[in-house]
Amino acid sequence: MKLITAIIKPFKADDVKVALKGAGVRGITVTEVQGFGRQAGHTEVYRGAEYTVDYVPKVRLEILADDGEVETIITTITDAAQTGKIGDGKIWVTAVESVVRIRTGEVGADAI
Amino acid sequence: MTDATSAFTKERAAVIADATVTGRALCQSLTAATDAWLSVQLDAARSGTGCERLALVAVGGYGRRELCPGSDLDVVLLHDGKLTESVARAAEQVWYPVWDLGLKLGHALRTVKTSLALAGTDLQTATGLLSARHIAGDEDLTTELRDGAARQWTGRAARWLGALERSVEARQAVAGDVSFLLEPNLKEGHGGLRDVQALSWADAARPILTQLDQGGLDGAYEALLAARVELHRSSGRAGDVLLLQEQDAVARALGDVDADALMARIARAGRTISWSSDEVWRRVRASMHGGRGRRDRVLNERIVVLDGEIQVRPGAIDSSAPGLALEAAVAAATLETSINQQSLHRLAAAATQVEEPWAGSVRQLFADLLLAGRPAIPVIEALDQHGVWEHYLPEWPAVRCKPQRNAYHRFTVDRHLVEAAVGAAALAGSVDRPDLLVVGALLHDIGKGFPGDHTEVGCDLVRTMAVRMGFVDGDVDDLVAMVEHHLLLPDAASRRDLADPATITAVAHAVGTTRRLHLLAALTEADSLATGPAAWSPWKANLVGLLVGKVGWVLAGATVGEVVQPDPPPVFDLTGAPEERIEVSEHEVTVVCLDHPGTFSRVAGVLALHGLDVRVAQAWSDGGVGASRFQIDAGPRTLDAERVADDIRLALHGRLALEARVAERAVEQSSRRRRFPVGVAPCASITIDNEASQTATVIDVHAPDAIAMLYRLTRALADFDLDLRTALVQTLGPAIADAFYVTDRAGAKILDPIHQAEIEKALLFACTSRADEQPRSK
């Protein structure tokens with residue numbers, strides 16, 4: 001089992017949710033986050049003012065998936081969240097030791 | 001399980017299951033059944049242990065016979081002397097069966113003396129004993145306790161009143177309002193059951209309740225008690241917060257048409273209670289602290305401060321000036337006090353519909369009241385409670401205590417509007433018309449009181465209301481725009497791509513003016529904060545702030561291209577390309593080379609030579625290396641990338657007769673196409689601004705467009721040895737609007753006025769003289 005974590009642009013959150021549902025994903029955890037990658041800490045220059053964007057608002061998605069589903073999910077997120085511009089975000093995958101569904105006590109892949 | 005216990009279990013279950021018995025009747029049945037069962041337990045314990053001098057006393061809610069299905073049983077077992085082993089055993093015989101049934105027990109085993117000693121220091125024990133009631137055993141002990149507790153309470157009235165007042169305030173602050181929360185706390189809330197109990201405790205200490213205070217209190221109390229009974233019944237457990245998920249079941253059980261009808265009743269009950277409670281406690285405070293130390297004074301011929309309260313002089317009311325109630329309200333809110341109750345009654349009796357359109361002074365007072373911020377809330381509530389508020393806003397009753405069913409909102413519609421308005425008052429500094437801000441905030445959801453889409457309905461209503469209030473046409477339009485677009489900024493900020501020029505254009509177009517943008521920005525924050533904790537966060541604030549910043553610059557005259565997020569600078573890496581790196585693609589040209597003045601203009605010249613229009617250009621420099629990036633539009637021509645790159649390389653090395661070739665091309669072009677008829681061309685203007693940027697001087701150039709304009713302007717800048725940091729280039733039909741961020745070679749701004757004047761002269765010359773004339777003029 002894997003935990004897929006994706007950082008995406010806020011306005012893409014709905015598109016990604018719909019795409020993931022279409023791809024058969026049953027559960028997503030969504031968090032509003034702020035941070036910076038290559039995109040930020042930069043100074044935006046507008047005529048008349050400069051101001052520093054310390055942190056850029058993003059949305060973090062977390063999805064538990066069976067090993068076999070990981071590729072599809074990553075492709076689905078990438079396709080739905082891509083604008084081609086800087087700040088589109090990142091996806092990373094981590095190994096998960098165990099998962100328990102609290103209501104039933106099911107363990108492992110059954111609990112996803 | 002003894003016979004008595006199983007009989008009690010059955011009876012209790014039957015009472016709770018009987019849907020025809022509700023409210024106090026149910027509480028009394030539960031109390032009677034519990035009394036009977038505990039009496040049997042105590043009698044058995046007394047005879048079993050030989051301890052005769054024992055009494056079982058109900059305290060708190062059980063003492064008042066107000067047991068709800070999930071209530072604790074609060075009891076005291078009184079004994080008359082030493083705590084012997086047999087007394088302890090008798091107590092256990094009473095407690096264990098209660099525990100065995102899984103009922104919650106608040107128990108104590110004490111003598112009358114220790115009980116009274118504890119009640120002498122602890123507020124909760126003291127008030128609990130005020131409702132002490134004999135259940136079983138030696139009645140003399142109970143009487144001794146009751147009499148002692150009452151004596152002690154009145155004997156230390158001043159102290160207890162002070163402690164009680166503080167506890168009431170603290171409790172209300174934590175639990176919030178019964179009338180205005182969508183999930184009210186029926187017991188602890190402001191306007192809840194506990195407030196009525198506290199009034200009776202206070203009245204027991206020192207008679208303070210008048211006929212006026214008690215009007216409707218009993219009915220309101222019964223309504224809340226009945227709701228609490230059903231809440232326990234439907235949820236199957238104790239709890240005082242009437243959650244959204246329980247409201248349907250409670251409404252059905254109490255015969256309300258739907259949950260909204262139930263919540264409207266609850267809100268009315270809460271209002272009645274909180275109104276009386278606030279009024280009484282205010283009087284208590286005044287009597288205890290002598291009007292909180294404020295001196296009586298005359299504010300004007302109509303209004304005085306008396307005992308710390310605002311009082312309207314009776315004579316002034318006879319003349320019934322339309323703004324009088326508002327004037328009193330402004331005074332009360334500003335001094336953070338209240339309007340005297342008699343004055344309110346008199347104002348209510350004299351109130352009539354305000355003449356339309358309102359006089360400027362009335363409108364000003366109305367805005368001033370809202371601008372007073374949070375202290376205005378109780379004052380507005382007092383005006384509304386007395387029917388004065390709706391003389392100013394006849395539409396208000398439609399939203400009064402109106403519930404809203406969604407997970408975000410915390411308050412009823414009316415309170416949400418008042419919260420938004422006073423919240424907006426705190427942001428008054430961010431707008432140029434605070435009066436429009438607070439009035440718009442107060443009315444932004446008024447449409448929720450009427451059928452149809454609340455925004456559409458609200459726009460029509462607010463137009464009528466604003467005209468009635470006497471706002472001038474432009475102000476009316478601004479107020480309507482605030483209602484129409486009150487969800488625009490939060491929606492666009494979180495659901496649209498802020499790096500997409502279309503987003504910025506659309507929002508700027510909808511908002512229209514800088515004033516409205518700032519009004520909407522402040523309204524968005526105040527509205528969100530008044531909605532609930534989930535509606536506003538640093539995350540949301542950051543997103544909305546980004547959007548407002550970008551739209552703001554566009555409305556102030558910047559181009560959309562300037563404000564969408566600029567691309568990051570190219571990598572300043574010349575490794576493996578010792579002289580320069582030139583990349584030409586269909587839409588973009590990037591040049592990285594050793595930095596010296598003139599580089600940018602030479603590249604711009606080559607692009608002009610190849611007939612390529614520059615959309616946006618940016619320049620960066622770092623550590624002696626300069627980079628320029630041009631977004632280009634080749635039009636219908638096919639781009640010969642290799643030739644362009646070659647020419648750029650030649651130009652950079654000073655091997656191209658750039659100026660002559662550009663002039664040649666200009667002649668060629670001008671004979672073939674004139675971009676606009678002579679005489680229609682806009683005038684050129686140059687603005688040099690040292691405030692706009694922290695690090696650079698910003699030179700704004702507005703001029704008619706012409707061939708190679710960017711080349712000529714930047715070459716003029718290079719003549720001054722200026723370092724070009726950023727160039728934002730935009731072509732708007734027949735005109736250009738360019739912004740150049742420049743510093744001198746030392747990296748400093750251009751502050752010398754003579755230097756500035758020379759630059760201005762050179763740029764003006766560059767953009768007004770036509771390229772095809774240059775060779776001849778030399």
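This is a predicted model: local features need pLDDT of at least 70, side-chain atom pairs count only at pLDDT 80 or more; totals for chains, interfaces and linings use all residues.
Chain A has 112 residues, and 39% of them count as buried. Its secondary structure comes to two helices and six strands. Along the sequence, these elements of chain A follow the pattern β-α-β-β-β-β-α-β. Among contacts in chain A with a separation of 6 or more, 72% are between residues 24 or more positions apart.

Chain B has 778 residues, of which 54% are buried. There are 34 helices and 16 strands in chain B. Among its contacts between residues at least 6 apart in sequence, 70% join residues at least 24 apart.

Helix H22 of chain B was examined from end to end. The helix covers residues 454-468, which is 15 residues. At 1.5 Å a residue, H22(B) should span 21 Å. At the start of H22(B), a side-chain oxygen of B:Asp453 comes to within 3.1 Å of the backbone nitrogen of B:Thr455. Just after H22(B), B:Gly470 has a positive phi of about 85°.

The buried residues include B:His454, B:Thr455, B:Val457, B:Gly458 and B:Cys459. Also buried in H22(B) are B:Leu461, B:Val462, B:Met465, B:Ala466 and B:Arg468. An α-helix has 3.6 residues a turn, so residues three or four places apart point the same way.

Cysteines were considered next. B:Cys459 counts as buried because its relative accessibility is 11%, under the 20% cut-off. B:Cys593 has a relative accessibility of 6%, so B:Cys593 is buried too. A disulfide is a covalent bond between the sulfur atoms of two cysteines. The count of disulfides over all chains is zero.

Aromatic rings form eight pairs over all chains. One of these pairs joins B:Phe366 and B:Trp389. Their ring centres are 5.5 Å apart and their planes meet at 20°, so the pair is stacked. The pair links distant parts of the chain, with B:Phe366 in helix H17 (residues 360-371) of chain B and B:Trp389 in helix H19 of chain B. The two residues are 23 residues apart. Both B:Phe366 and B:Trp389 are buried. Ring pairs also bring B:Trp358, B:Tyr392 and B:Trp396 into a cluster with B:Phe366 and B:Trp389.

Charged groups also meet rings. The charged end of B:Arg133 sits over the ring of B:Tyr62, 5.4 Å from its centre. B:Arg159 lies over the face of B:Trp160, with 4.6 Å to the ring centre.

Three further positions in chain B were followed through their surroundings. B:Arg271 belongs to helix H13, residues 259-289. This arginine counts as buried because B:Arg271 has a relative accessibility of 11%. The side chains of B:Arg271 and B:Asp414 are joined by a polar contact of 3.2 Å. Beyond residues up to four places away in sequence, B:Arg271 touches B:Ser179, B:Phe180, B:Asp384, B:Gln385, B:Arg400, B:Cys401 and B:Asp414.

B:Ser528 lies in helix H26, residues 514-531. With a relative accessible area of 9%, B:Ser528 is buried. Its side chain reaches the backbone oxygen of B:Thr524 at 2.7 Å. B:Ser528 touches B:Ala535 and B:Trp536, leaving aside residues up to four places away in sequence.

B:Val330 is found in helix H15, residues 324-334. A relative accessible area of 14% places B:Val330 among the buried residues. B:Val330 and B:Leu365 are 35 residues apart in sequence, yet their C-alpha atoms are 6.9 Å apart in space. Residues up to four places away in sequence not counted, B:Val330 touches B:Leu365, B:Asp368 and B:Leu369.

Conventions
Residues are numbered from 1 along each chain as its sequence is written. Chains are lettered from A and ligands numbered from 1 in the order in which they are written. Side-chain values use heavy atoms; hydrogens and water are left out. Helices (H or I, at least four residues) and strands (E, at least two) are DSSP runs, numbered from the N terminus. The expected span of a helix is 1.5 Å times one less than its number of residues. Buried means under 20% relative accessible area, exposed over 50%, partly exposed in between (1.4 Å probe, protein chains only). A polar contact is a pair of N or O atoms within 3.5 Å; within protein, one must be able to donate a hydrogen and the other to accept it, and residues adjacent in sequence count only if both atoms are side-chain atoms. A disulfide is a pair of cysteine sulfur atoms within 2.5 Å. Rings of Phe, Tyr and Trp (its six-membered ring) pair if their centres lie within 6.5 Å; planes under 30 degrees apart count as stacked, over 60 as edge-to-face and the rest as tilted. A charge sits over a ring if NZ of Lys or CZ of Arg is within 6 Å of the ring centre and within 35 degrees of the ring normal. Contact means heavy atoms within 4.5 Å.
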